[in-house]
Amino acid sequence: MRAVAIRYFMMTTDPKLADTITKIIDIDTPPSHVWRVLTDPHAMPAWMSDEPLEVETRWEIGGPIVLRGILHGRLRFENRGVVQAFEPGRRLRYTHWNTLSRRVLADVPENHAIFSFSLAPSAAGTRLVLE
């Protein structure tokens, strides 16, 4: 799998969400392969972290997603969130909160980041939009 074009830009539709970022990547492989890498708990650590990472989820809307690992070989963390969308081959969306932030950010919905992945066929293979 090879990314053939990457464009970064800031985009926001809500002034309260000034930190919204959109990234578009054209990948030289079919959407079915990209979807598997995005959603297979055993494949996800390869693109999410350079360090060991454990992913737990059933990809049920309203269900949990939990990522556990050790940052820099010494800081244990547990990232938690809730699956908001799961449309196989097309769209994935979940919230995210990191226990390393707990001293400054309470684990409440308004402090959770939202990760959204949309896939579509493209001339290169797959267009992946991350928001």
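The legends below describe close-up views of a predicted model of one protein chain. Local features are given where pLDDT is at least 70 and side-chain atom pairs where pLDDT is 80 or more, whereas totals for chains, interfaces and linings use all residues. Residues are numbered from 1 along each chain as its sequence is written, and side-chain values use heavy atoms, with hydrogens and water left out.

**Figure 1. Overall arrangement of the protein chain.** Two helices and eight strands make up the secondary structure of the protein chain, in the order β-β-α-α-β-β-β-β-β-β along the sequence. These elements are DSSP runs numbered from the N terminus (helices: H or I, at least four residues; strands: E, at least two). Of the 131 residues, 34% are buried; buried denotes under 20% relative accessible area, exposed over 50%, and partly exposed in between (1.4 Å probe, protein chains only). The accessible surface comes to about 8,400 Å², and carbon and sulfur atoms account for 56% of that surface. Accessible areas were computed by the Shrake-Rupley method with a 1.4 Å probe, and for residues only the protein chains shown count as cover. Among contacts (heavy atoms within 4.5 Å) between residues at least 6 apart in sequence, 36% join residues at least 24 apart.

**Figure 2. The largest nonpolar core and Phe-117.** A nonpolar core is a set of buried Ala, Val, Leu, Ile, Met, Phe, Trp, Tyr and Cys residues joined through side-chain atoms within 4.5 Å. The largest one has 19 residues, and within this core Trp-59, Phe-117 and Leu-128 touch the most other members. At least two core residues come from each of several elements, including strand 2 (21-27), strand 5 (75-87) and strand 7 (113-121). Helix 1 gives the largest share, three residues. Beyond its neighbours within four places in sequence, Phe-117 is in contact with residues that include Leu-38, Trp-47, Leu-92, Tyr-94 and Leu-128. In soluble globular proteins, nonpolar side chains tend to be buried together.

Figure 3. Leu-119 lies in strand 7 and counts as buried because its relative accessible area is 9%. Its C-alpha atom is 6.5 Å from that of Val-129, ten residues away along the chain. With neighbours within four places in sequence left aside, the contacts of Leu-119 include Pro-31, Val-34, Trp-35, Leu-38 and Leu-128.

Figure 4. Thr-95 is classed as buried because its relative accessibility is 10%, and His-96 because its value is 18%. A polar atom of the Thr-95 side chain lies 2.8 Å from the backbone nitrogen of Val-82. Apart from neighbours within four places in sequence, Thr-95 is in contact with residues among them Ile-65, Gln-84 and Ile-114.

**Figure 5. A nonpolar surface patch.** Leu-71, Leu-75 and Leu-100 form this patch, with about 200 Å² of accessible area together. Patches are built from residues with over 30% relative accessible area and no salt bridge; like charges are joined within 9 Å, and nonpolar side chains (Val, Leu, Ile, Met, Phe, Trp, Tyr) within 5 Å. A salt bridge places a side-chain nitrogen of Lys or Arg within 4 Å of a carboxyl oxygen of Asp or Glu. Leu-75 is found in strand 5, whereas Leu-100 occupies the loop between strand 6 and strand 7. Both are partly exposed, because Leu-75 has 31% relative accessibility and Leu-100 has 38%. Their C-alpha atoms are separated by 8.2 Å, although the two residues are 25 apart along the chain. Residues up to four places away in sequence not being counted, Leu-75 touches Gly-69, Ile-70 and Leu-100.

Conventions. Polar contact = N/O pair within 3.5 Å; in protein donor to acceptor, adjacent residues only side chain to side chain.
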